[in-house]
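Welcome! Here is a short tour for someone meeting this protein for the first time.

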Amino acid sequence: MHAYRLIRSKRRTVAIEIRPNGEILVRAPRLVPRAVIERELALREEWIARHLATLPPPRPEPSEEQLAAWRKAAADHLPKRVAHFAAVMGVTPAAVKINAAAKRFGSCSSKGNLNFSCRLMAYPPEAIDYVVVHELAHLTHMNHSAAFYATVAAVLPDYKARAALLKNKR
């Protein structure tokens, strides 16, 4: 039997999820005995094994030296790209900050601050520009509505192909 993480809640059924990092997550009703949960896992063993086999191998974490190099490159490159696209889009961010976030490439706060992960520097320029435009579009639309994507598409008509570049490397 595989190791798993159990989350109990006010649900009616047992659900098994394979996370992208290979973790097996089991969601179950509060009062269901552990034996019932483990029987469900045993019944789904083939399904679990199949899904675990399809996961890509984990990417190694970059060294401190690599992160430092990316941070320097990001501090040099990203503010210039933000200024370029902000002028094109007619928006002005309050601030541009660089971090080393591993889970997201960029974010936009409600105050208009743009945050970018230095890990973006491992991706092609087309992908980096997509993230910049994506975050700048949030200055106009703080959501992912059709209007938001229309704003992105007005600047980068091929934004879907650019976004796909970010998924291929993770």
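## An aromatic cluster

Y149 is partly exposed, as its relative accessible area is 28% (buried means under 20%, exposed over 50% and partly exposed in between, with a 1.4 Å probe and protein chains only). F148, by contrast, is buried, at 0%. This is a predicted model, in which local features need pLDDT of at least 70 and side-chain atom pairs pLDDT 80 or more, while totals for chains, interfaces and linings use all residues. Residues are numbered from 1 along each chain as its sequence is written, and side-chain values use heavy atoms, without hydrogens and water.

Y149 and F148 belong to one aromatic cluster with Y130 and Y159. Rings of Phe, Tyr and Trp (its six-membered ring) pair when their centres lie within 6.5 Å; planes under 30 degrees apart are stacked, over 60 edge-to-face, and the rest tilted.

## A pair across the chain

The whole structure holds four aromatic pairs. In one of them, F105 and Y123 have ring centres 5.1 Å apart and planes at 80°, so this pair is edge-to-face. F105 sits in the loop between β4 and β5, and Y123 in the loop between β6 and α4, 18 residues apart. Both residues are buried.

Conventions:
Helix = DSSP H or I, 4+ residues; strand = E, 2+ residues; numbered from the N terminus.
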